[in-house]
Amino acid sequence: MENIGHRVSSHGLDNHGLNDVKAAYWNLSAPELYAESLGRGEGLLAQGGALVTLTGQHTGRSPHDRFVVEEASTKDDIWWGDINVPISEDNFDGLLKKMLGHLQGRDVFVQDCYAGADEKYRLAVRVVTEEAWHNLFARNMFIQPDPRDLPGFKPAWTVLQAPSLEADPARDGTTSGTFVVVNMARQMVLVGGSGYAGEIKKSIFSVMNFLLPPQGVLPMHCSANIGPEGNSAVFFGLSGTGKTTLSADSARTLIGDDEHGWGPDGIFNFEGGCYAKTINLTRDAEPEIFETTRTFGSIIENVALDPDTRELDFFDTTLTENGRVSYAIEQIPNASKTGTGGHPANIVMLTCDAFGVLPPISQLTPDQAMYHFLSGYTAKVAGTERGLKEPQATFSTCFGAPFMPRHPTVYAKLLGEKMAKHSAKCWLVNTGWSGGGFGVGERMEIKHTRAMVNAALDGRLAEASFTADENFGVLVPNACPDVPDDVLNPRNTWKDKDAYDVQAKDLRRLFEENFQQFESAVDDKVKAAAIKAAA
């Protein structure tokens, strides 16, 4: 039966086909969800008050288990391929029936919330989970309605999540027992076989990425903040490139760390929380994020915990290198109270170049910005994936290909139009290696990266003189406040200059090969801005 109370929506679970659950816990607060989670043995309490959980075999997203239902109303609008893999309506119906049957007779936790701080574009979302801590995750990561609105809350989209439910690949059309299935027509997401909480928020991000472009809103996989003078900035980047770290700056107001829209009135956060990586986290390097790991309401995923002291060890990668902390954005002292900002004056594209050949910061022309947005380059390093022995170039278009249901040029066109209309400057920032590639050089010092980014955002860097990089064509500043001059030119940081030239030549080739898929869809100016392989 369902709990009766002022937090229960009149739009009941039967509207989703969910009947005969043991008990439905509606819109519990963080303390209530803590009590339920700890009482059910789902997690442990860490020193400081965070809830520590394990996500099982999946310590990250499972991209090969993600599907989009192929149906008539949206079939022609989806960018089908390795990212958006089709699954039939019949298979979806079978998985939904299996999900509803699985949840019958069980306790479920219901969280009604919003995605999108701008009320004109926000999405009403209901998240139903079989574990309390996943419901707390949804409460952290999405935007909370006014409690007075809960009785009349009617979701536009529903997420049903059950980690203990597995699919039968032979019958259900999946690749394994894990499944993340998005049905645009039925406005529903099914998540099964994975306890990784990020699947919940990323599935709704994909939905927003589908719904917003026809409304003239650019959905972005980026962090965003606002300077003292009111100048907004966005930071595009794949996981591990520094989106969360660089946007959490005590001198600027944080809008959000991962997912935003750029609409007619400016930018707005999709979320009400942050989901930061914790590997090698220290108070000195990232004080604001570090403090959230010692705060009641935060969820720590897959981080080693001393059983006696309950202290967390962020340098222990026994469980995974993808340890995470989920926290409500209010835990950041200088977070925006509205989740919105003006049109960005600066756009920062972050890349972690493990080959150590890209400049640490460079200015891009509008056409170069379009090119690098479509390319979405970063690099994986040895040890981050099983069997990976050396750096591997990764191109994820729009800096978020796994979450883009439409063709990348849809998003690139919107970005180009908005940059031109609002005269936004664009910077390419390499947070990767300097003085050599992975295993030879050193990771760029965060204090230098912060100094370069700050100089770009406050306008000081725009006044510098620039030199075009001979390999990549980007404009490299000849000097930057608080950064040694020799750091700015990547070739100068290498002892073996010939080795640098070889590596730069190889990366140019990879850029050219990757961009061939987009050449027929872009104009001549963007083609001219593309990086070409050396002769």
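Predicted model: local features only at pLDDT ≥ 70, side-chain atom pairs only at ≥ 80, totals over all residues.
## A buried pair of rings

Together, Phe236 and Phe399 make a stacked aromatic pair, with 6.2 Å from centre to centre and 25° between the planes. Why those two values? A pair of aromatic rings is described by the distance of the centres and the angle of the planes.

Now look at where the two partners sit. Phe236 belongs to strand E12 (residues 232-236), while Phe399 is in the loop between strand E25 (392-395) and helix H9 (408-422), so their pairing ties together parts that lie 163 residues apart in sequence.

## Other rings to look for

How many aromatic pairs does the structure hold? There are 23 of them. Some ring pairs join up into a cluster, which links Tyr371, Tyr377, Phe395, Phe472, Phe511, Phe515 and Phe518.

The charged end of Lys202 sits over the ring of Phe403, 4.4 Å from the ring centre. Likewise, the ring of Phe210 has the charged end of Arg406 over it, 4.1 Å from its centre.

Next, find helix H8 (residues 366-375) and helix H13 (residues 497-515), which pack at an angle of about 80° with their axes 10 Å apart. The two helices, H8 and H13, are therefore roughly perpendicular to each other. On the H8 side, the contact is made by Tyr371, His372, Leu374 and Ser375, and on the H13 side by Phe511, Asn514 and Phe515. Sorted by class, the contact of H8 with H13 has 4 nonpolar residues, 3 polar ones and no charged ones.

Leaving aside residues up to four places away in sequence, His372 touches Met349, Leu364, Phe399, Leu428, Val474, Phe511 and Ile531. One of these neighbours, Phe399, is the ring that stacks with Phe236.

Residues up to four places away in sequence aside, Phe472 touches Val357, Leu358, Gln368, Tyr500, Ala504, Leu507, Arg508 and Ile531. From Phe472 to Asp485 there are 13 residues in sequence and 19 Å in space, C-alpha to C-alpha.

## A covered helix

Helix H3 (residues 132-141) is mostly covered, with 9 of its 10 residues buried. Among the buried residues of H3 are Trp133, His134, Leu136, Phe137 and Met141.

## Two loop residues with positive phi

To finish, visit two loops. Asn280 is not a glycine, yet it has a positive phi of about 60°. Asn280 lies between strand E16 (273-277) and helix H7 (287-292), in the loop there, and counts as partly exposed at 41% relative accessibility.

Arg310 also has a positive phi, near 60°, in a residue other than glycine. Where is Arg310 placed? Look in the loop between strand E18 (304-305) and strand E19 (312-313). Arg310 is partly exposed, and its relative accessible area is 29%.

Technical notes: Residues numbered from 1 in each chain as written. Heavy atoms only, no water. Axes fitted to C-alpha atoms, helices over the stretch in contact; angles between N-to-C directions. Helix = DSSP H or I, 4+ residues; strand = E, 2+ residues; numbered from the N terminus. Parallel < 35°, antiparallel > 145°, perpendicular 65-115°, else oblique. Contact = heavy atoms within 4.5 Å. Nonpolar A, V, L, I, M, F, W, Y, C, P; charged D, E, K, R; others polar. Phe/Tyr/Trp six-rings, centres within 6.5 Å; stacked < 30°, edge-to-face > 60°. Lys NZ or Arg CZ within 6 Å of the ring centre and 35° of its normal. Buried < 20%, exposed > 50% of the residue type's maximum accessible area, 1.4 Å probe, protein only.
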